[in-house]
Amino acid sequence: MIKFTIDGISSEVPNGTTILKAARSLGKHIPTLCHLKGVNNSGSCRVCVVEVGPKLVSSCSVLVEDGMNIKTNTTKVREARKTVVQLILSDHKRECTTCIRNEGCELQALTSSLNIRDIEYEGKKTKAILDSLSPSITRDSEKCILCGRCVNTCAKVQSVHAIGFNERGFDTIVSPAYVKSLDDVFCTNCGQCIVACPVGALYEKESIDEVWRAISSPEKYVVVQTAPAIRSALGEEFGMAKGTRVTGKMVAALRRLGFDKVFDTDFTADLTIMEEGTELINRLQSGENLPLMTSCCPGWVKFIEHFYPDMLNNLSTCKSPHQMEGALIKSYFAQKMSIDPRNIINVSIMPCVAKKFESAREELSMEAMQDVDYVLTTRELARMIKEVGIDFVNLPEEDFDNPFGESTGAGVIFGVTGGVAEAALRTVFEILAGKELETVDYNIVRGMEGIREAQIDLPNGLTITSVVAHGLGNAREVMEMIKSGEKEYQFIEIMACPGGCVTGGGQPIINADYKMDNDIRLQRAKAIYDEDEAKVLRKSHKNPYITRLYEEFLGEPNSETSYKYLHTHYVK
Ligand code: HC0
Ligand code: SF4
Ligand code: SF4
């Protein structure tokens with residue numbers, strides 16, 4: 001243990017503890033800006049300075065040493081922090097009232113907490129670049145404070161390196177190499193840079209206006225569906241506790257916004273299990289294109305298209321659940337309701353910005369109609385609800401509409417890492433066993449370890465090795481192990497975002513301060529597993545509406561009709 005003094009109080013901490021962490025353990029709150037737990041701890045912004053002897057040091061990067069005398073609240077410390085923030089503000093496009101991060105911006109909160117009332121310096125400004133070519137992400141250089149949180153997230157967590165520091169000195173800018181557009185480089189559209197950004201320099205490409213226009217157009221029939229992870233986080237935007245499950249209120253809010261039908265993506269998550277489970281059984285029997293890799297995460301699909309194009313045949317040919325649902329709404333549902341599919345507008349509420357890119361992909365359309373017309377993030381949906389003035393917290397709980405409103409627990413758990421694998425096991429096991437099995441919870445694939453392997457004995461005597469990975473850095477590790485022959489797997493689930501969709505790039509943004517002491521992934525995952533447990537039906541093949549869909553329209557899993565509407569191909 002290391003003995004030290006902080007603001008006159010003697011204490012001790014384990015070796016290797018930063019001053020910031022030591023101070024927090026004693027209830028002292030030191031402000032930070034560039035610091036992001038596990039990702040960025042260079043101390044470059046110097047907002048977290050404290051006095052140690054005659055020097056000011058960055059508390060997030062300097063370790064406590066024996067006998068250290070630390071002062072966190074002196075005039076020198078307070079003035080230094082103010083100067084740092086004033087210099088940042090002098091080069092910042094200060095348009096808080098209209099900024100997308102207004103009230104959620106860490107720079108704004110810091111300015112307020114440091115009691116900064118005026119901008120002391122005005123000087124040269126960063127070159128203005130508004131990059132809005134990507135279908136998912138907009139970058140505004142005038143809001144960027146060069147903290148590096150996005151750069152290190154993309155490099156260290158995602159192993160993608162799409163953005164970095166370019167140019168030099170005052171001209172330094174965070175952007176793709178050669179200041180290209182994000183749309184012109186190998187960006188996977190995962191949006192993890194957005195949720196890492198403390199300010200409004202990175203944000204989703206909004207589609208709110210287009211969706212309002214569709215809703216108010218009398219000839220359009222506007223259908224909305226919600227991804228599994230939305231229900232675990234939407235309430236946070238309305239001040240509810242992190243990870244509060246708000247399924248029924250979410251449905252009620254969507255009805256009040258004016259959507260004609262409110263469907264659940266979880267229904268087609270169940271359908272994905274029927275299609276992908278059958279695909280897995282077929283590949284295991286034929287030995288072809290193994291390992292089977294999940295294909296529901298568009299960030300992961302883009303990653304493999306960019307970096308491992310030789311393994312595209314290993315991807316499941318299944319479209320992702322919300323794309324399947326989009327295709328079915330414009331075919332099966334349109335026929336049932338006698339509506340011209342050209343008058344249907346499909347809106348998906350997703351925790352994800354890569355889904356915006358996915359929905360625009362040419363392959364995911366039929367007869368020049370996109371399966372899904374607009375994707376809104378959880379944050380955009382919250383903005384629409386606020387715009388109308390709906391009292392979300394006090395809404396009654398309502399049920400989804402049918403025929404795409406009923407789902408099993410297996411569909412729900414898609415929203416968290418390991419969920420697709422677990423849902424597949426619940427169905428594949430029973431199909432192979434030819435009888436009902438008691439096991440529902442496959443804890444072997446759950447958890448937040450970056451890479452989780454499991455040996456699974458199937459009822460037909462086969463053993464498969466599966467691996468679940470989340471975060472593209474972990475995905476890359478798995479791919480390299482396969483390429484080098486170090487590992488052999490039969491089934492792989494990958495989600496681009498650490499934690500899975502619950503912490504996708506479109507979810508409510510959690511500030512770095514909260515993340516220092518809490519794991520938001522676990523908080524939201526709990527909401528998902530609670531919903532799974534509360535369901536009467538927990539295995540996809542038990543969903544009666546799935547059975548009816550096969551009887552009335554698709555025939556059987558992997559049938560010709562299924563291929564027509566529910567499957568796709570990938571491009572090198
Ligand atoms: Fe996901 Fe999905 S689970 S990708 O993370 O498969 O976005 O929540 O909607 O489509 O269902 C996201 C979440 C989905 C899809 C589902 C899958
Ligand atoms: Fe990197 Fe993902 Fe952001 Fe693209 S979207 S720049 S891959 S973090
Ligand atoms: Fe989108 Fe989920 Fe993939 Fe993240 S993990 S990119 S939220 S689909």
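Two helices, α9 (298-307) and α11 (354-359), each bring at least two residues to the shell around ligand 3. This is a predicted model, so to speak a computed picture of the site. With three residues, α9 makes the largest contribution to that shell. The residues that come nearest to ligand 3 are Cys-297, Gly-299, Cys-352, Cys-497 and Gly-504, out of 16 around it.

Now for ligand 1. Here α8 and α10 (321-337) are the helices that each give at least two residues to the shell, and α8 has the largest share, at three residues. Closest to ligand 1 are Ala-227, Ala-229, Cys-296, Cys-352 and Cys-501. Cys-352 turns up in this list and also among the nearest residues of ligand 3.

| Shell | Residues | Nonpolar | Polar | Charged |
|---|---|---|---|---|
| Ligand 1 | 22 residues | 14 nonpolar | seven polar | one charged |
| Ligand 3 | 16 residues | 11 nonpolar | four polar | one charged |

Back to α8, which spans residues 265-286 and packs against α14 (residues 419-433). Their axes lie 9 Å apart, at an angle of about 60°. The crossing of α8 past α14 is right-handed. On the α8 side, the contact uses Ile-273, Glu-276, Gly-277, Leu-280 and Ile-281; on the α14 side, the partners are Ala-423, Ala-424, Thr-427, Val-428, Ile-431 and Leu-432. By class, that contact comes to eight nonpolar, two polar and one charged residues.

Terms used:
Residues numbered from 1 in each chain as written. Chains lettered and ligands numbered in written order. Predicted model: local features only at pLDDT ≥ 70, side-chain atom pairs only at ≥ 80, totals over all residues. Axes fitted to C-alpha atoms, helices over the stretch in contact; angles between N-to-C directions. Helix = DSSP H or I, 4+ residues; strand = E, 2+ residues; numbered from the N terminus. Left-handed = near helix turned anticlockwise from the far one by under 90°. Contact = placed C-beta atoms within 7 Å. Nonpolar A, V, L, I, M, F, W, Y, C, P; charged D, E, K, R; others polar. Near = placed C-beta within 6 Å.
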